[in-house]
Amino acid sequence: FPSDLATTLIALGATLTLLDASGATTANVTVQDYVAQPPPPHELTVILALCIPLLEPGETSAFFKLALRPQNAHSLINGAVRARLGGSANAPIFSAKPGDVRLCFGALDTLHAHRAPKTEAFLAGKALLDPATLSGALASLAVEIVPLCVTLDEFKSTNQPTGKVEFRKTLIASSFYRFYLALIAKYAPT
């Protein structure tokens with residue numbers, strides 16, 4: 001089943017140090033690269049280290065898992081966000097530096113978690129309190145991430161043969177919206 005942890009580690013920009021069967025180490029492999037193209041099953045690879053960068057001042061992160069029940073359940077979707085904001089309390093803006101906004105969604109398909117680079121680029125340098133920022137980000141996610149949401153066997157039933165795919169698609173936008181509201185409450189509380 002799709003990993004909740006991989007989604008979070010990708011959004012945080014985590015890296016791995018790997019050891020292969022020959023004794024050679026490979027450092028600074030991103031979790032994103034590792035889950036997108038893991039070593040072949042016949043090759044023994046050990047993860048020696050996991051490095052998760054600390055949040056810096058002005059950065060925030062959020063992680064979410066939406067499931068049918070709170071424990072021991074596969075995610076309907078999961079996601080993670082790491083963002084740096086600047087500006088003033090009256091006019092917070094997303095950082096314009098590439099990589100300072102990272103959005104990742106998982107449990108969309110049977111593969112791995114997916115970043116949303118077009119939405120990340122859209123948010124760069126945008127004002128948090130501008131309604132066009134939120135509507136533009138949601139529109140971008142609808143084109144970039146929502147189509148990746150496919151029918152998964154674990155959610156199929158007699159009553160829902162498509163595996164809740166339409167419902168799961170709506171969760172992507174609602175989850176981002178909740179994160180966005182939390183940013184407004186934190187960075188522009190008045």
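**Entry 1: the model**

I noted that this is a predicted model, in which local features need pLDDT of at least 70 and side-chain atom pairs count only at pLDDT 80 or more, whereas totals for chains, interfaces and linings use all residues. Residues are numbered from 1 along each chain as its sequence is written, and side-chain values use heavy atoms, with hydrogens and water left out.

I looked up the confidence next, pLDDT being the predictor's confidence in each residue on a scale from 0 to 100. The chain averages 85, and 89% of the residues score at least 70. Among the elements of the chain, the lowest mean pLDDT, 85, belongs to strand β2 (residues 25–30), and the highest, 94, to α3.

**Entry 2: the chain as a whole**

I took helices (H or I, at least four residues) and strands (E, at least two) as DSSP runs numbered from the N terminus. On that basis I found five helices and eight strands in the chain, and along the sequence they follow the pattern α-β-β-α-β-β-β-β-β-β-α-α-α.

Of the 190 residues in the chain, 41% are buried. With contact meaning heavy atoms within 4.5 Å, I found that residues 24 or more positions apart account for 60% of the contacts that have a separation of 6 or more. For the accessible surface (Shrake-Rupley method, 1.4 Å probe, and for residues only the protein chains shown count as cover) I have a value of about 10,300 Å², of which 61% belongs to carbon and sulfur atoms.

**Entry 3: Glu120**

I returned to Glu120, which is found in helix α3 (residues 117–123). A polar atom of the Glu120 side chain lies 2.8 Å from the backbone nitrogen of Leu103. Not counting residues up to four places away in sequence, I listed Val101, Arg102, Leu103 and Arg115 as the residues that Glu120 touches.

**Entry 4: the salt bridges**

I counted a salt bridge where a side-chain nitrogen of Lys or Arg is within 4 Å of a carboxyl oxygen of Asp or Glu. Side chains of opposite charge can pair when their charged atoms come close. My search of the whole structure gave six salt bridges, and I found Glu56, Glu59, Arg82, Arg84 and Asp100 linked in a network of them.

I then went through pairs of this network in turn. Glu56 forms a salt bridge with Arg84, with the closest N and O atoms 3.3 Å apart. Glu56 lies in the loop between β3 and β4 (59–67) and Arg84 in strand β5 (residues 75–87), so this pair ties together parts that are 28 residues apart in sequence. I have Glu56 as partly exposed, at 44% relative accessibility, whereas Arg84 is buried, with a relative accessible area of 19%.

Arg82 and Glu59 also meet through their side chains in a salt bridge, at 2.9 Å from N to O. Since Arg82 lies in strand β5 and Glu59 in strand β4, the pair ties together parts that are 23 residues apart in sequence. Arg82 counts as buried at 7% relative accessibility, and Glu59 counts as buried at 9%.

I noted a further salt bridge between the side chains of Arg84 and Glu59, at 3.6 Å from N to O. This pair links distant parts of the chain, with Arg84 in strand β5 and Glu59 in strand β4, 25 residues apart.

**Entry 5: His112**

I located His112 in the loop between β7 (101–106) and β8 (114–115), and at 24% relative accessibility His112 counts as partly exposed. Although His112 and Gln32 are 80 residues apart along the chain, their C-alpha atoms are separated by 8.6 Å. Leaving aside its neighbours within four places in sequence, His112 is in contact with Val35 and Ala36.

Methods
A polar contact is a pair of N or O atoms within 3.5 Å; within protein, one must be able to donate a hydrogen and the other to accept it, and residues adjacent in sequence count only if both atoms are side-chain atoms. Buried means under 20% relative accessible area, exposed over 50%, partly exposed in between (1.4 Å probe, protein chains only).
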